[in-house]
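Let's take a walk through this structure together, one part at a time. Keep the 3D view open beside the text as you read.

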Amino acid sequence: MEMTKKYWKGIDELNQTPEFIKHKEQEFPNQQSVEDFLADENLAESSTARRDFLKFLGFSVAAATLAACEAPVTKVVPYAVKPENVTPGMPTWYASTYYDGASYASIMVKTREGRPIFIKGNKDFGFTKGGTNPQIIASVLGLYDSERLADPQANGNKSSWATVDAAISKAISGAKKVTLLSNTVISPSIKRAIAEMSVKLNGEGGSKFEHIQYDAVSYAGMREANLSNFGARIIPSYDFSKAKTIVSVGADFLSTWLLPTEFAVQYGTRRNPEGDWMSKHFQFESVLSVTGSNADVRGMIKPSEEAAVLSYIIAALQGKSAAAGSWKAAADKAVAALKKSKKESVVVAGSNHIGVQQLANQLNNILGTYGTTIDLANSINLHQSEDAKALKLAADVAAGKGPEVLIMMGVNPVYSLPNGAEFAKGLKSIKTSVAISSYADETASLCTYICPDHHQLENWTDHEAKAGEYAVGQPTIRPLHNTASALESLLVWNGAASRGGQDSAVAYDYIKATFAALSPAGDFAYLTHNSCIEKPVAPAAFTYTAAPIKDLPKANGTEVVFYQKPAIGNGALANNPWLQELPDPITKVTWDNYITMNPVEMKGKYATTYDQEHGLNLAKVTVNGKSVTLPVYPLPGQAPGTIGIALGYGRGANGEKIGKAAYQTKEYGGHATQENGQPTPIGANVFGLLSAAATISYEASATVSPVEGTYPIAATQIHHTVMGRDSIVRETTLSIFKNREKDAYNEGHKLQKLDKHGNHVEAPVSEFDLWAAHPVEKIGHRWGISIDLSSCIGCGSCLVACQSENNVPVVGKDEVRRGREMHWLRIDRYFASDEEAAVGAKKDKETFSYDNAEIAALNPSVVHMPLMCHHCNHAPCETVCPVAATTHSNEGLNQMAYNRCIGTRYCANNCPYKVRRFNWFNYPSYKKFTEVNPAQDDLGRMVLNPDVTVRTRGVMEKCSLCVQRIQATKLVAKKEARVIADGEFATACSDACPTNAIVVGDWNDLKSMIREKSEGVRAYQALEEVGVKPNVWYQVKVRNEENSLLDHIQQVAEAHH
Amino acid sequence: MEISNIQMLKRFKSLAFAALTLSFVAFSNLVSAQGEGLFKAKCATCHMTHKNSTGPKLAGVRAKWAAGGAKEGSIYQWVNNWQTAAANDPYAAEVSKWSPTAMSAFPDLKKEDIDAIMDWVDAQPDPATAGATAGGAAGTDAAATTAEPLEEENNSWIWIIMGVIFVVIIMAVGGVRRQLKIATSDNEEEAEKMTYGEELRALAWKYRLQVGLVSLVVVISIVVALFQSLYSINIMEGYQPSQPIAFPHAAHAGINGIDCKYCHNTVTKSKSASIPSVNVCMNCHKQIDGEGKPFAGEIKKIYAAAGWDKAGMKYTGKTKPIVWNKVHVLPEHVYFNHSQHVVVGGLDCKQCHGDMTQMTETVKVQPVEDLNKIEGNIQLTRKTLTMGWCIECHGKKDVAIGNGKNAYYDEIHRRLKKDPKLYAQYLNDDGKVTVNELGGWECAKCHY
């Protein structure tokens, strides 16, 4: 697929018209001096004179005042017959299961008056133990996307189920070859339906019907490797909570690899330095990933070196020697750790090359991890992509030799196949092509029939994500449109059921039957209550057999890695504005796709700094003759000699209706358009650059050449390092933490004061008060937050959860570039710099250069720091508000009364944490935000939380500590005449956190977790020296690493006291 | 049955009915009392005197059985245990097919008891005919309950017309006076010179002190009136929108004594008290159709909404929610929770909504003066449904803490005691811990 995309501001630029060239350098065209403007005689004759203007103004004020006198009549419509389980004004929670072909989790769905409005992880049931990711939390918004198909389509026109079903059934029975191309099917019921279809169509030994599973991002290499080593195409379960040493070679297991919802939870339990033991995490990778940013030791490797790293470790463990690269030091440390932890280790590899996975298997076998951290019996059923079959089908279709009937379910091959463009051409020649898809996307829009599936939240589904777990997803709302469950469609086409309409029970009955046939049979009501049950797993009968290593990655020159971002993933949810606006955990870039390159390598060729006015330079990446042009982002930690480009962008290249937020927008609203008048996609689709041998390969050799021009980029953070500010981020090593006093790594800030003898003495900041304290220490509640920087992995789930809970508007790329993103919670990411080798270093002119401290290290360690309103007990914002719109509650909350706010923004200027966000526009109605803000849509508005005000233009807003949840929790306790239990109150962010890094609670409850955390040795408060007495505590980040420089500095600091 | 009887008595005080009742009371007072009591205790759940409900109507049932060829005494056996009667008597067996719902057995009812019930039942007038004869009398009385949506009568136009008339009169008089003056004047030219305006100015100058004082008063009154009108913006007191169904609270909560929480049943659970869904109405109105009464049309609206086929005594399944006009409207930036106030605060509905048992018209926002008249209400001064009204109450209402009845507040009390100075300060001003002192005046209590 040839990609010669070039970014231009308009048709003028593209065509390089003389006018454009003339005006190119002028930012403000037609500049006119004030004198000229006033001298303009026409001005005096203009129809609106100044006096008229004042008259209009006066009239408008009077009219508005009068209009406000009469309150409008408000209608209220009670239920005709109230459903028994609905209490108006009270939320109803449903346990359900999320699976979209890539992510899987047991979830809880909050509904209000029948509308799902919030999703969180289910902490009580399911093996994901409350783990979610940003995509799962944001998926609730997709339910209300007005561009979701509302009816079945035939040849691009609205049709009816009867017509479509009849045509498809006829086509199936009359065809010689029927192929079902689906994403990984983990539903036992859909599997059963497909098996029934196969039996019916194939009879005995026939080959009329074929089912091929194909995922946009494949794990076939892993399954093939396990086939060669264990004789079965399985993916085992991993348990990172049992691994004392974790070695990951290119696997972003905390964010995008395999089953991150489960792994992040497991990983989080072992990142607490106060626990029995803390895992030691080694990461070898090319693009700095979320997982890599959490590693204790990170080695930068090219993708072609993955095998070498594994071979080197294998050899070292066997006492042999092997060739090593620049990563030797890191690998040696890994070897030492593995030798110590032996079978309590886990080695994972992210590559889709069979050989790399075989080496990982070999290493795991040497260590003896099978049976301890890796469970072959309880295998993972996700990611069953059969690359060879899918690629053959794609080639056949492209060559015009496809099946007569091609049914595509949950896949978008035109977008995600390496040869998607050819496939699209071939698809048109297929007699009957059917897409079971919610959107008329790249593939579906080319199909004869589109049979829209329910949204997950409208659907009965069942899942077997692991051999040992059976789960159901239950509908939380009646289907909004004339859609039908995919399962029902398959059954209908197979003649096994007839359509049940909007309240169809076909899928429900079928799933119930599937469950009833399960042995031992369980109670379906119990199953739906918990959403899942554990199933007995037959003990593993797998033994490791060595197999010849095959299919190792080869490369020369610059290597490009095609990775997934935590928010966009494989691109299926690219139309979700919450996810598009979620800053990437590492680069902090929103709404865009780019080339990541180490800033060291960019010097002299590309700009390494960027801001509101200055964009990034463009570069053209060519792989096997195909190329894309994208901006180059300076990413510290990117392995030299490699670049990274995220998959999942460039959706809807032909203007398909896949959701308004999937396209670029103009400065004053509306979609930016391409040459052909179609909206411009965000970023570029790089699936076309993938190549396939035995399996699809997610890396390639490439040539990179600079391209003229710059590209504006919207990042929420454009500084990279913390510049040695000890009072913001604190970190230490495990050995220091274990062996030294608190002062070594977490020294409280002290000020000088006079004692009663008139001598200068040092005293902690807490002893100094500028004014009388608020009475929050003893009476009532005092709500607080503790954030553990050690276990925070920076995934961004909290941010999306906050957006969902608190009706935070989406502002779009242009506004983010102006620094006007509205997120109440941000996650600051700091790279370590070589200049301040460790946070906490004492700095003086001779030994320290602030200029250099701004530059991140080549391979920096990373800190993720979630930051929200600190609810200071001595809040500087409160004292400067001229209208007392922000005040302090006796429960320690910094309250914001939007109706009182007049928008002076003094408070934001006075906030030391810069967490107040000013509401610049009428986001729910201004045309600039029509494409991005879901609240501008009658359907999209249904996702809003009715307990939280939708703020209007001109007011300041900020984290309220989910005060609506505080009040609700208190009320429940009061009504039940009991005290509030610790842990009962949870904010949206603490609810969403997969690693439980965020702990909230009542600080005045002496036995609460928050009290314990705040008094712990690791607790510190950001910018403590300012003396604002926040109700937010951070826990010092402890790395399980050897850092002699940091050790030295912190021990010297301790000795000083 | 109890409901409909009392309603009947109170609502339709027709002379004929009264006379009938009186004569009846005169000669069978004792029997009647016994019969009425038993009927209400045992039968009224399912039976009505003159109408079929869950069970068939009971008026003249003995005669009906006799006419139908039932065995002697079979009816008494039926009441004691209908199955025995059905086994013994073919007529009774036929009767048992009237409805699939089986009748309860009343083995403790003696023959005399049953006769007493039947005597009383037979003595009751048929409301359909009674209503027809007394239609005129009842009509006027019922008009109040089926109140037309009451709008504030606007009589400002009278003032405008009167004002115009006054101005015309003044001008006419002035004109006449002027003509007379000119006519009587010696110097015609001089008088001609002065226009109306000049004359007015001269006059104003002549009486400048008076004019000045009057102008000052007028200006001040205008300013005061302006401010008052600005303050009254969005004051909801007295707001009484028309409603799709003229629902009389007085009849339901007053005469029939139905508890507010029976219909507004989410008031203890949720932030909204909720307007009852039609299925709640149907719990009673399945039987009470008001036929022959002036408000029957209103009840028909409920049937239409619930999809109730009255003739077939079954639901059609076609429901249509009723669109009410909201009376108590809080701005959208206010969070108010009913259950907080009713369950935790222990407030009676009447504190804010007034005495609904007396409310014959459609609901209106009660003025604070009316609320203050109600016994037991906290006395407030600010206009109803204003923020001043809310926080005034929060400043007066005490919170029962530390009395061992609510563990939540016991804990709050325990913590408060740690700060004796503050606790004393709370108690010293008014001898109680008010809602305000526990954070009831804080913005985020209601605004988020």
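Chain B has 25 helices and three strands, where helices (H or I, at least four residues) and strands (E, at least two) are DSSP runs, numbered from the N terminus. This is a predicted model, in which local features need pLDDT of at least 70, side-chain atom pairs count only at pLDDT 80 or more, and totals for chains, interfaces and linings use all residues. Residues are numbered from 1 along each chain as its sequence is written, while chains are lettered from A and ligands numbered from 1 in the order in which they are written.

How much of chain B is buried? Of its 448 residues, 23% count as buried; a residue is buried if 20 or more other C-beta atoms lie within 10 Å of its own, exposed if 12 or fewer, and partly exposed in between, with C-beta atoms placed from the backbone. Look for helix α11 of chain B, residues 156-184. Its 29 residues reach 42 Å from the first C-alpha to the last, close to the 42 Å expected at 1.5 Å a residue (the expected span is 1.5 Å times one less than the number of residues).

Now turn to where the two chains meet. Here 44 residues of chain A are in contact with 49 residues of chain B, contact meaning that the C-beta atoms of two residues, placed from the backbone, lie within 7 Å. On the chain A side, α5 (50-69), β1 (75-76) and α30 (963-975) each supply at least two residues. The largest share, six residues, comes from α30(A). β1(A) also pairs with strand β3 (residues 324-325) of chain B, in the antiparallel sense and over two bridges; two strands pair if DSSP finds at least two bridges between them. In this pairing, Lys75(A) stands opposite Asn325(B).

Chain A holds several strand arrangements to explore. In one of them, β7 (residues 178-182) and β8 (residues 209-213) of chain A pair in the parallel sense over five bridges, with Leu181(A) facing Ile212(A) as its bridge partner. Between β7(A) and β8(A) the chain passes through helix α8 (residues 188-202) of chain A, and this β-α-β crossover is right-handed: with the strands pointing away from the viewer, the path from the first strand over the helix to the second runs clockwise.

Next comes an open sheet of four strands in chain A, ordered β12-β11-β10-β13, with parallel pairing. Why is one side of β12(A) and of β13(A) left without a neighbour in the sheet? Because β12 (297-300) and β13 (345-349) of chain A stand at the edges, each with a single partner strand. β11 (residues 280-285) of chain A joins β12(A) over four bridges, one of them between Gln283(A) and Arg298(A). Helix α12 (residues 306-317) of chain A lies across β10, β11 and β13 of chain A, at about 150 degrees to β10(A); axes are lines fitted to C-alpha atoms, for helices over the stretch in contact, and angles run from 0 to 180 degrees between N-to-C directions.

Finally, find the barrel of chain A, which six strands close in the order β21-β26-β23-β25-β24-β29 with mixed pairing.
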